[in-house]
Amino acid sequence: MVQPEFGSDTIALRPFEPGDAPGLYAYLTHPELAGRRYIPWKFEQTLPFPLKTAGDIIEDWNGMENGFCLAVTLKTDGSLIGHARAGWGWDALMPEVAVVIAPPHQRKGFGRQVLSWLLDYLFDFTVARNVSNGIEEWNAPALAFAQRLGFSQAGVLRRVAYRGGWFYDEHLYEILKPEWRERNHAA
Amino acid sequence: MPLEGQKIRLREVRESDLPLLLALRNDLETQGWSQTLPTDYTLNMVRKQYEEETFSFQRNRARFVIETIDSEEVVGNMTYYSLRSRHEVTIGIAIARQFWSAGLAYDAQETLLRFLFEELGVRVVRLWTTGSNEKAIALAERSGFQVSARLREAVFRRGQLADNVMMDLLREEYYASHPEMEDHLPPL
């Protein structure tokens, strides 16, 4: 039976467990992730939060009805280094994805690997047609990253949040199933 | 006191409105932006939804019926949801078919926008529709909304893939198009 691929020599995706709370707390509260934690809106996006909240976030993710959030772990010691989320709300044709890698583990290709797994899964194992990804206007590395992976800009949602004394916009990027497949075949 | 427009008012839902809300729900054109729900909702389901609304001071959504001022006829409903205090909110509207093209939707939309900007003090109002719903896009544009994003082929409607369209209206854009009003909320 064909299975989705969620592992490489270096990292793997797996469901979150309650015991992941300390690891999740450790990287979500990293100052570089303030404002781009990609956690449900009811949780704090910028300020520090207590350890208990990390457990609540995991519970929330594991209870998602139309989507999932998986833990990104290192193969070497199993440590938690990020999360990968996909949610499709009211229409399974158009899931939105987000990938967060803890700052000390960024720029090693993990984000690209995880997002590729997510796209392969959504296009090969679900009815997804259009996968989108919202990125803050100030997050230049993520904007460049989305473009490198073949996403194109669908528009700009104005004033999504307030940070550092000004409202900022969210750039919405998208990729269609045939575009992703063509890109994979070309590779 | 209800929110008064030129031709309509927005007021709370009453039990006597439930048959119209049911009719809106069971019409694929008016049931909401998903437009993928079965048309088998019953009056009991709608009544249960109505009865389960509880009193709270913590409200991030609301639903009004749209009633004509002259004849006090209920013609549709207007909602807002996903309110983030003093920041943003998303709106939705549905008018029963027999009342289309009478300017009631525009009046209702303007009435709600006035409440959202003048009383709730939001900085941006959003709405979602499909690319094939040209009437909804034109209605929003008439109030100053602009298309902020268009997800290609993201919804399926009437046997066709269509775009999912997101529109938004900034606070200063709203006041610029209403010179009779003055914005007294300082910019952030």
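Which elements of chain B do the buried residues of α1(B) pack against? Let's start there and then move to the interface; keep in mind that the model is predicted.

**View 1. Helix α1 of chain B and its packing partners.** The buried residues of α1(B) pack against α2 (43-51), β3 (62-68), β4 (74-84) and β5 (88-95) of chain B. The helix itself covers residues 18-25, and its buried residues are Leu18(B), Leu20(B), Leu21(B), Leu22(B) and Leu24(B).

**View 2. Where chain B meets chain A.** Here you can see 29 residues of chain B in contact with 23 residues of chain A. Together the two chains bury about 2,200 Å², with 54% of that area on carbon and sulfur atoms. Look out for Leu151(B), Arg152(B) and Leu188(B): this trio supplies 27% of the area that chain B buries against chain A, more than any other three residues.

**View 3. A salt bridge between Glu179(A) and Arg152(B).** The side chains of these two residues meet at 2.7 Å, N to O. Across the interface of chain B and chain A, the rule finds six salt bridges. For polar contacts, the count between the chains is 15 residue pairs, with both residues at pLDDT 80 or more.

View 4. The largest share, 10 residues, belongs to β7(B). Sorted by class, the side of chain B that touches chain A holds 13 nonpolar, five polar and 11 charged residues.

Technical notes:
Residues are numbered from 1 along each chain as its sequence is written. Chains are lettered from A and ligands numbered from 1 in the order in which they are written. This is a predicted model: local features need pLDDT of at least 70, side-chain atom pairs count only at pLDDT 80 or more; totals for chains, interfaces and linings use all residues. Side-chain values use heavy atoms; hydrogens and water are left out. Contact means heavy atoms within 4.5 Å. Buried area is the accessible area (1.4 Å probe) that two parts lose on being put together, summed over both. A salt bridge is a side-chain nitrogen of Lys or Arg within 4 Å of a carboxyl oxygen of Asp or Glu. A polar contact is a pair of N or O atoms within 3.5 Å; within protein, one must be able to donate a hydrogen and the other to accept it, and residues adjacent in sequence count only if both atoms are side-chain atoms. Helices (H or I, at least four residues) and strands (E, at least two) are DSSP runs, numbered from the N terminus. Ala, Val, Leu, Ile, Met, Phe, Trp, Tyr, Cys and Pro count as nonpolar, Asp, Glu, Lys and Arg as charged, and the others, Gly among them, as polar. Buried means under 20% relative accessible area, exposed over 50%, partly exposed in between (1.4 Å probe, protein chains only).
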